[in-house]
Amino acid sequence: APHSETLLTMAAIPRYRPIAGPALFSAGFRPFFLAAALWAVVAVPIWLMAYATGIAPPSVLPPIIWHAHEMIFGFATAVVAGFLLTAIPNWTGEMPLQGWPLAMLVSLWLIGRIAVLLSAEIGSLVAALADLSFPAVFIAAVAREIVAGRNWRNLPMLAALSLLAIANLLVHLDALGLAGTAALGNRIGIGTLLMLIALMGGRLVPSFTRNWLVKNRPDVVPPARAGTFDLVALVVTGLGLAAWIFAPDTPIASWAELAAGIAAGLRLSHWRGARVAREPLVLILHIGYGWLAFGLLCLGLNGFFQFLPQTTALHALTVGSIGTMTLAVMTRASLSHTGLPSSAGPATKVIYLLITSAAVLRLVAPLTGAQTMLTLSLAGAAWCASFGLFVLFYGGPLTHPRVNDGGGKAI
């Protein structure tokens, strides 16, 4: 398996075939990152309109369940797909998915989004079959690559994708009236994404911090490589997330969540985040992981003191950690793979500022009394602006052939 630093930089792979079709389908990160950002811009206003007016979208899912489902299994899963389809060839040595097979996979994802949104019109069963076709085909594609490359080290990624698929199925079983499992499915989806952040963040954040410090701050001792403490912190984080998923609102869950938050915070403190403040492309990784620790701490403390609305901790984990880390991955990998300088230019800095503002505003919204709807709208606007700017400034590089390494200005 490659060194962990290749997991996010994912340096250009000479095995890429030239394709006759659009450059958009020359690599997995291109269409999926762009689709994820576009859906992030579209789905949140639909939810806010439903929340403000009571007019629900034409989905069989209740608006709040639809909102959670689409952020997990629509937006975030597309980011995961873009990342894995680009990283897996580095892990396995196999040819990447390109051209019409990639276009077909993206089409399945898009059909799922439309089907779930219009499920009240087309029926729950048709919507479920349409939506679940994407994870089924994607898991098969990933399994084939891992088996063909005998890359057993990354089998946990296949397990994570399977958990996401099962979680999605649980939501659809609820919509079909077969089981009351929608909330559980959404929690499993969120917990799986957060565990991926804990796992991959533990490789990426110290690795990129170490590289930057060695090059720019040789006077600073870089983060140590992963050891026993990191493994223990991962286990504690996993147990805390499992307790939240399967036994929410119980004393044991509160203790487990609190321990998980402390473990994640201590782990982050070892990675010298304050020393990389001059490079937003590295700093944003620390911020995303910091939201994970903060959200878990809030979950645990709220079980004892009830000092915050229930949604505060949840949105620290979703808007804060998942939203921030997805943009961190999308921007860095897009810059690296399109041949642009791997540094944060003005637009990228604004994107990071906006997603952080969205998370903070969403957290304080329940505390603003009569101004709650206004604050929620501002949070939604900041979220949409951050992903909208990604589409605006990264859409060109993602839809055009790769430029010479380092060519052009930093975005």
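Of the 35 residues of H8, 25 are buried, so this helix is largely enclosed by the rest of the structure. Buried means under 20% relative accessible area, with a 1.4 Å probe and protein chains only. Helices (H or I, at least four residues) and strands (E, at least two) are DSSP runs, numbered from the N terminus.

The model is predicted: local features need pLDDT of at least 70, side-chain atom pairs count only at pLDDT 80 or more, and totals for chains, interfaces and linings use all residues. Residues are numbered from 1 along each chain as its sequence is written, and side-chain values use heavy atoms, with hydrogens and water left out.

H8 covers residues 182-216, and its end C-alpha atoms are 48 Å apart, which agrees with the 51 Å it should span at 1.5 Å a residue. The expected span is 1.5 Å times one less than the number of residues. At glycine 201, H8 bends by about 45°, the angle between axes fitted to the seven residues ending there and the seven starting there.

The whole structure holds four cavities of 30 Å³ or more. A cavity is a set of points on a 1 Å grid over the protein atoms alone where a 1.4 Å probe fits but cannot get out; lining residues have an atom within 4 Å of a point. A volume is the space filled by probe spheres set on the points, which are joined across faces, edges and corners.

| Cavity | Volume | Element giving the most to the lining |
|---|---|---|
| Largest | about 310 Å³ | H8, six residues |

The largest cavity is lined by 17 residues, and Val80, Leu196, Ile197, Met200 and Val329 lie nearest its centre. Helix H3 (63-92), H8 and helix H12 (310-338) each give two or more residues to this lining. The lining of the second largest cavity includes Phe73, Arg113, Asp131 and Asn168. Here H3, helix H6 (124-148) and helix H7 (155-175) are the elements that give two or more residues.

As a whole, the protein has 14 helices and zero strands. Its radius of gyration, taken over C-alpha atoms, is 20 Å, close to the 22 Å that the globule rule (2.2 Å times the number of residues to the power 0.38) gives for 411 residues, so the protein is as compact as a globular protein of that length. Buried residues make up 54% of the 411 residues.

Notes: Buried means under 20% relative accessible area, exposed over 50%, partly exposed in between (1.4 Å probe, protein chains only). On a 1 Å grid over the protein atoms alone, a cavity is a set of points where a 1.4 Å probe fits but cannot get out, and a pocket is an open set with protein on both sides within 12 Å along at least five of seven lines; lining residues have an atom within 4 Å of a point.
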